[in-house]
Amino acid sequence: MPSFLRDIQAFYGTGERNERGQTLEEFLEEYDPGKYPAPSCTTDAVILEYPAGMSKNLEGLRILLVKRRNHPSIGFWALPGGFIQLREDLEDTARRELEEETGVAGIEMEQLATYGNCDRDPRNRVITTAYMALIPADSVKVRAGDDAADAVWCDVRLTRNGNESCERNGRKFLREECCLKLTNEERNLHMEVLVEHLWTSGWIREQYYRVMEPGFIAADHGAIMVQALVTIQERFEGKIL
């Protein structure tokens, strides 16, 4: 098949032919994109709203959630996000999905992490790239759209219980349990998520966030939320991540 890209100049390398005597054009013409099973890619966005004078305990912080209108996890609350388009960069997907589902646009976002456990979505092998944003209170207007049945700000309360040493698969980690409480009195929402945070210390820091009790939060979105909150909290305290 022809190249996916219109301009392939950057991929000529040294200009040599390969072991089969093919030029880059000939290789691409013959290449089968179905040779390897292709996972689906999505983005999800943790949008945090902070009050004036926010303290290290994150008091007054709010998070933007959408209610899922369709399967899977229908009726549960989730982060705004969705599938990438074929000719779209990840950051553009994150911004487009956020605007389509909540009406929020034009904010600064940072790539947070990639979540790719094989059992995270029943539809397909879905890998998501999470983004986060921290914006001043009342700086954007929110409306539900696209496949979101509702979009709301929820008050956030994060409790971190740890640290303790533990061993997993013969390896040593530090561990803490993170309890995330999400409330919206207007919608009578009172949700709680329990997340396990494992990490190693040193120059190379291996860490994992895993949902232990999801509450009414879809998939692994509770873990993504906790990771964003821990990141903000530790930056506030001046720790190196």
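Reader: What is the average pLDDT of the protein?

Author: The average pLDDT (the predictor's confidence in each residue, from 0 to 100) is 93, and 98% of the residues score at least 70. This is a predicted model, in which local features need pLDDT of at least 70, side-chain atom pairs count only at pLDDT 80 or more, and totals for chains, interfaces and linings use all residues. Residues are numbered from 1 along each chain as its sequence is written, and side-chain values use heavy atoms, with hydrogens and water left out.

Reader: Where is confidence lowest, and where is it highest?

Author: Strand β7 (residues 148-168) has the lowest confidence, with a mean of 91, while strand β5 (residues 110-115) has the highest, at 98. Helices (H or I, at least four residues) and strands (E, at least two) are DSSP runs, numbered from the N terminus.

Reader: Turning to charges, how many salt bridges are there?

Author: The count is 20 salt bridges, each being a side-chain nitrogen of Lys or Arg within 4 Å of a carboxyl oxygen of Asp or Glu.

Reader: Which residue pairs with R120?

Author: R120 forms a salt bridge with D220, their closest N and O atoms being 2.8 Å apart. The pair links distant parts of the chain, 100 residues apart: R120 is in the loop between β5 and β6 (126-136), and D220 is in the loop between β10 (207-213) and α3 (221-236).

Reader: Is R120 buried or exposed?

Author: R120 counts as buried, at 12% relative accessibility. Buried means under 20% relative accessible area, exposed over 50%, and partly exposed in between (1.4 Å probe, protein chains only). D220 is also buried, with a relative accessible area of 14%.

Reader: And what does R175 pair with?

Author: R175 forms a salt bridge with E177, with 2.8 Å between the closest N and O atoms. Salt bridges that share partners join E164, R168, R175, E177 and E196 into one network. R175 is buried at 10% relative accessibility, whereas E177 is partly exposed, with a relative accessible area of 26%.

Reader: How far apart are the closest N and O atoms of E97 and R96?

Author: They are 3.1 Å apart, in a salt bridge. E97 counts as buried at 6% relative accessibility, and R96 counts as buried at 17%.

Reader: A change of topic: where does Y36 lie?

Author: Y36 lies in the loop between α1 (24-30) and β1 (40-50). Y36 counts as exposed, at 53% relative accessibility. The C-alpha atoms of Y36 and E234 are separated by 40 Å, and these residues are 198 residues apart along the chain.
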